[in-house]
Structures are given as structure tokens and as C-alpha cells.
Amino acid sequence: MDERKVLDIKVTPGMSVDQLVRAMSDSGGFTAKKLADAIDVVERMVRDDSCLTFLSFPACIMATGTRGVIVELVKRKLVDVVITTCGTLDHDLARTWREYYHGDFFMDDAELREQGVNRLGNVLVPDECYGLVLEEHLIPMFEEILKGRDSISTREIIDEVGARLDDEGSLLYWAHRNQIPIFVPGITDGSFGSQLWMYWQTHRDLKVDLFQDEQDLSGLVFRAESSGALIVGGGISKHHVIWWNQFRGGLDYAVYMTTAAEYDGSLSGAQVREAVSWGKVREDAWQVNVEGDATITLPIMVASILERLG
């Protein structure tokens with residue numbers, strides 16, 4: 001039995017985010033304690049100079065203000081590799097060129113469709129702020145990037161697009177400037193990929209080289225002395241991180257943030273401990289699973305980490 005006593009959280013005027021987190025750690029209670037433990041693991045991970053640090057997340061949070069938290073991690077070079085979905089590229093670029101708006105979970109969706117407005121939870125995305133603006137900007141970029149080429153990996157084309165942006169609020173902007181690779185294994189599952197497909201209609205020699213992405217990932221993983229991951233949500237992004245790390249004996253650090261339950265056997269609901277059985281996370285890894293909405297937990301985590309790092 002842990003001999004530490006459960007202490008009350010004392011909220012005081014002017015207390016910092018990290019002071020609150022440390023009080024949550026002492027509280028011994030439920031998800032607050034797990035979030036505090038997760039922040040300790042991430043702090044260890046980013047302070048470990050030998051650690052190759054992965055960040056994975058789904059596209060949906062890029063449609064919210066939590067995009068700024070993701071960007072901050074890349075801007076400050078607190079992660080080394082990003083693995084995400086095509087929609088992340090869509091939302092990052094769309095919000096570079098247009099605005100998204102506040103909505104409500106209970107709006108009339110049929111009425112929204114008549115107005116040409118898409119609803120993502122309680123975020124509203126007008127048609128002209130998504131597919132149309134992406135087509136307007138991406139096709140000319142692709143013409144320039146792909147001229148004289150018949151093959152390109154997702155990492156390469158994402159970096160080339162980032163090189164052409166002038167928006168410090170953009171994930172792709174900072175990933176390019178800090179030389180942090182972004183991999184999208186499901187590149188055709190979104191508007192960015194659809195625009196590539198449209199480009200291919202008149203450039204049939206073009207190949208998207210997913211094998212080069214995997215070759216690049218293998219090089220990163222096999223050279224790493226240790227590896228860790230901050231995994232937000234499930235799906236292909238989560239799995240691609242843990243899949244590659246099984247080849248080096250598993251992650252040494254693993255923090256997983258999810259709202260999914262594990263009873264249905266889904267990857268999104270699978271706890272970190274399940275990945276241990278597959279060799280994707282080491283048995284002795286610093287690891288914790290945090291249940292909760294990442295638009296709440298992730299900003300608290302990153303604010304606390306930045307305080308600790310000064």
C-alpha cells in the first residue's frame with residue numbers, strides 16, 4: 001500500500017496551472033491523479049535527450065482552439081515525430097486561410113446543410129472555409145511541388161506545403177521550420193488527399209510513396225536509444241505509433257488520452273496495458289492512461305509542462 005495520505009486540493013487566488021496539477025497529484029482522486037501522473041511521465045520523456053518522442057492525434061481537435069496547443073508542442077520542439085490523419089492537414093490549412101465558427105451540438109443539421117455549413121461537434125465549418133478554399137490553394141501548390149516528379153512520400157509533400165506557408169498559427173508551418181516530420185498513413189482519407197487524387201487525373205505517372213514513409217519511420221525508430229509517445233485518441237494515428245515501436249521492443253514512455261471504453265475491443269478504447277501484451281509498450285515503461293476530453297486535459301498538460309521547463 002502507498003503510504004502517502006490523500007490531501008485536499010486547496011485552490012488559491014493566483015495559483016499557477018502547475019501548482020494546481022501538483023495539488024491534483026496529492027489528491028489521490030480518480031482521473032485528476034491520472035492526469036497529474038501523465039504530466040510527470042511526459043516531463044520525464046521530454047527531458048530524456050536520448051528519447052525519440054512521438055505525438056499522435058486525430059483531426060477533430062485541429063478544428064478547435066486546441067490546435068494552438070498542438071502547435072506549441074511542435075513550435076517548442078517538445079516532440080520529434082508527428083503521426084496523424086489527413087483531416088489534420090485539412091483543418092490546419094483551412095484555418096490558415098479561412099475561419100471556423102462557434103456552433104452547438106443540438107443545431108438542426110438539415111438546416112445547416114441547406115445553408116452550406118458543416119457541423120463538427122459544436123464547431124461550424126462553412127463550405128467555402130473547407131473544401132473550396134483547399135482546392136483553390138492546394139492545386140497550384142501541387143503543380144509547383146510535383147513538377148518533374150513522379151513520386152513523393154506523405155512526409156515530403158506535407159513538408160513542401162509547410163515551406164510555402166506564412167502563418168505562425170499553423171502546424172505545418174512550424175513542422176517545416178523545426179524539421180519535425182509529419183506522417184499521414186491514411187493520406188487519401190480527407191480533402192488534402194482528394195486534391196492529390198484530382199491532380200493525379202492529369203498526371204497519371206504520379207505515385208504517393210507510402211513505402212518511403214515507412215522507410216523513414218524505420219530509420220527513426222531503429223536509431224532511437226529510447227522512445228516515447230503522447231497519444232491523443234485512437235485510430236490509425238495511434239496504431240502506427242505503437243506498431244512501429246514494437247520493432248524496437250516497445251515504447252519506454254507512453255501516455256494515452258482517450259474518451260473511449262475498452263469493453264468493445266476497439267483500438268481507441270484499448271488501454272496502454274493491452275499494448276504491453278503485443279510488445280508495443282515495454283513492460284517496465286513509464287505509462288498511464290488518461291480518460292477524458294483532450295480539449296480539456298491536453299491544454300492543462302502542456303501548460304504545466306511549459307511551467308516546469310521554464
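The model is a predicted one, in which local features need pLDDT of at least 70 and side-chain atom pairs count only at pLDDT 80 or more, while totals for chains, interfaces and linings use all residues. Residues are numbered from 1 along each chain as its sequence is written, and side-chain values use heavy atoms, with hydrogens and water left out.

Buried positions in α13 are A294, T297, L298, M301, V302, S304, I305 and R308. These residues lie on the same side of α13, because they cover an arc of only 165° around the axis, the arc being that of the directions from the helix axis to the C-beta atoms. An α-helix has 3.6 residues a turn, so residues three or four places apart point the same way. "Buried" stands for under 20% relative accessible area, "exposed" for over 50%, and "partly exposed" for values in between, with a 1.4 Å probe and protein chains only. The cover over the buried residues of α13 includes the helices α1, α2 (30-47) and α3 (67-75), together with the strands β9 (226-232), β10 (251-258) and β11 (281-291); contact here means heavy atoms within 4.5 Å. After α13 comes G310, with a positive phi near 70°.

The structure holds 19 salt bridges, each defined as a side-chain nitrogen of Lys or Arg within 4 Å of a carboxyl oxygen of Asp or Glu. R308 pairs with D40 in one of these salt bridges, with 2.8 Å between the closest N and O atoms. This pair links distant parts of the chain, since D40 belongs to helix α2 and R308 to helix α13, 268 residues apart. R308 counts as buried because its relative accessibility is 12%, whereas D40, at 30%, is partly exposed.

With 8% relative accessibility D18 counts as buried, while R22 counts as partly exposed at 43%. Both pairs belong to a network of salt bridges that links D18, R22, D40, E43, R47 and R308.

Elsewhere, D216 and R155 meet through their side chains in a salt bridge of 2.9 Å, N to O. Here too the pair links distant parts of the chain, with D216 in helix α10 (residues 210-223) and R155 in helix α7 (residues 154-163), 61 residues apart. R155 is partly exposed, having a relative accessible area of 26%.

Helix α11 (residues 235-245) also has a set of buried residues, namely S237, K238, H240, V241, I242, W244 and N245. Their cover includes the strands β1 (51-57), β2 (81-84), β9 and β10, as well as helix α10. In the loop between α11 and β10 sits F247, which is partly exposed at 41% relative accessibility.

Some features of the loops and the surface complete the picture. K77, in the loop between α3 and β2, has a positive phi near 55° although K77 is not a glycine; at 54% relative accessibility, K77 counts as exposed. Q179, another residue other than glycine, likewise has a positive phi near 55°. Q179 lies in the loop between α8 (171-177) and β7 (182-183) and is exposed, with 73% relative accessibility.

Technical notes. Helix = DSSP H or I, 4+ residues; strand = E, 2+ residues; numbered from the N terminus.
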